[in-house]
Amino acid sequence: MNRDLTDYRKSYDKKALEENELPVSPFLLFSNWFKEVEEAGGVEETNAMSLTTFGLDSYPKTRIVLLKHFDEEGFVFYTNYESEKGKAMAANNKVCISFFWPNLERQVIIKGVVNRISEQKSSDYFNSRPKGSQLGAWASEQSSIVESRAFLESKLLALEEKYKEKEIPKPDFWGGYCVTPVEFEFWQGRPNRLHDRIRYAQQQKGNNWVTNRLSP
């Protein structure tokens, strides 16, 4: 396998990010960008984000998860507590999440600390999920080795029968996490690779943020 990708070229010229347009709060800028990306169309899952953790083997690992809520408290997603990422976050709760929205040539990188949300909030969200997704959470011992696809499907069939006429409870091993940011970086593609990069850094605990322009 030998592929030369040096001819891949793209000009970025859709938007700009100027200092005089920056809100005081990075959460507000994120919310504005998220809405603009949704309204522009062309991105199937605007809420898809990469989550990077340091594993128990000391290697960083990135995977895509789905953002389910955000406000000035942080960014919430859900997963299995016993999964590889769940164990990684339990050991080291410093993480990075990022969003790439090619339709508007934008990227947002967020460093923060992650912690579990309350059982009540996790249960409320679990109860709002489709039944198939609820059963899937029970069927999958996430990140564990399985013998075959058929094994998983047989577990799901057994669960479907078990809960055919019952309410499905939230598993104890499943729930939500909230990433509380300490730094945001907003990236807007610009012509000639002179991209706009604006960093919001938290000066102290609370909503006190200092902005800087970074060289592209």
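Which residue caps the N-terminal end of helix 1? The points below take up this and related features.

1. Basis of the model. The structure is a predicted model, in which local features need pLDDT of at least 70 and side-chain atom pairs count only at pLDDT 80 or more, while totals for chains, interfaces and linings use all residues. Residues are numbered from 1 along each chain as its sequence is written, and side-chain values use heavy atoms, with hydrogens and water left out.

2. Overall architecture. The chain holds five helices and nine strands; helices (H or I, at least four residues) and strands (E, at least two) are DSSP runs, numbered from the N terminus. Read from the N terminus, the order of elements is α-β-β-β-β-α-β-β-α-α-α-β-β-β. Along the principal axes, the C-alpha atoms occupy a box of roughly 60 × 50 × 40 Å.

3. Of the 216 residues in the chain, 38% are buried. Buried denotes under 20% relative accessible area, exposed over 50%, and partly exposed in between (1.4 Å probe, protein chains only). Among contacts with a separation of 6 or more, 64% join residues 24 or more positions apart; a contact means heavy atoms within 4.5 Å. The accessible surface comes to about 13,300 Å², and carbon and sulfur atoms contribute 49% of it. Accessible areas come from the Shrake-Rupley method with a 1.4 Å probe, and for residues only the protein chains shown count as cover.

4. The ends of helix 1. Ser 25 caps the N-terminal end of helix 1, with a side-chain oxygen 3.1 Å from the backbone nitrogen of Phe 27. A polar contact is a pair of N or O atoms within 3.5 Å; within protein, one must be able to donate a hydrogen and the other to accept it, and residues adjacent in sequence count only if both atoms are side-chain atoms. After helix 1 comes Gly 41, which has a positive phi near 75°.

5. The buried side of helix 1. This helix covers residues 26–40, 15 residues in all, and its span from first to last C-alpha is 21 Å, close to the 21 Å expected at 1.5 Å a residue. The expected span is 1.5 Å times one less than the number of residues in the helix. Its buried residues are Pro 26, Phe 27, Leu 29, Phe 30, Trp 33, Phe 34 and Val 37. They lie on the same side of helix 1, because they cover an arc of only 160° around the axis; the arc is that of the directions from the helix axis to the C-beta atoms. In general, an α-helix has 3.6 residues a turn, so residues three or four places apart point the same way.

6. Asn 103 and the residues it contacts. Asn 103 sits in the loop between strand 5 (94–101) and strand 6 (106–116), and is buried at a relative accessible area of 12%. A polar atom of its side chain lies 2.7 Å from the backbone oxygen of Gly 41. Beyond neighbours within four places in sequence, Asn 103 contacts Lys 14, Val 37, Ala 40, Gly 41 and Val 43.

7. Glu 105 has phi near 55°, a positive value in a residue other than glycine. Glu 105 belongs to the loop between strand 5 and strand 6 and counts as buried at 1% relative accessibility. Arg 193, also not a glycine, has a positive phi of about 65°. Arg 193 is in the loop between strand 7 (174–188) and strand 8 (196–204) and counts as partly exposed at 42% relative accessibility.

8. Gln 107. This residue lies in strand 6 and is partly exposed, with a relative accessible area of 26%. Leaving aside neighbours within four places in sequence, Gln 107 is in contact with Trp 33, Phe 99, Phe 100, Glu 185, Phe 186 and Trp 187.

9. Helix 5. Residues 149–162 form helix 5, whose 14 residues reach 20 Å from first C-alpha to last, close to the 20 Å expected. Ser 148 caps its N-terminal end through a side-chain oxygen 3.4 Å from the backbone nitrogen of Ala 150. Lys 155, within helix 5, is partly exposed at 22% relative accessible area and touches Ala 139 and Glu 141, not counting residues up to four places away in sequence.

10. Cysteines. The count of disulfides is zero, a disulfide being a pair of cysteine sulfur atoms within 2.5 Å. The sulfur of Cys 96 is 15 Å from the closest cysteine sulfur, that of Cys 178, which is too far for a bond. Cys 178 is buried, with a relative accessible area of 14%.
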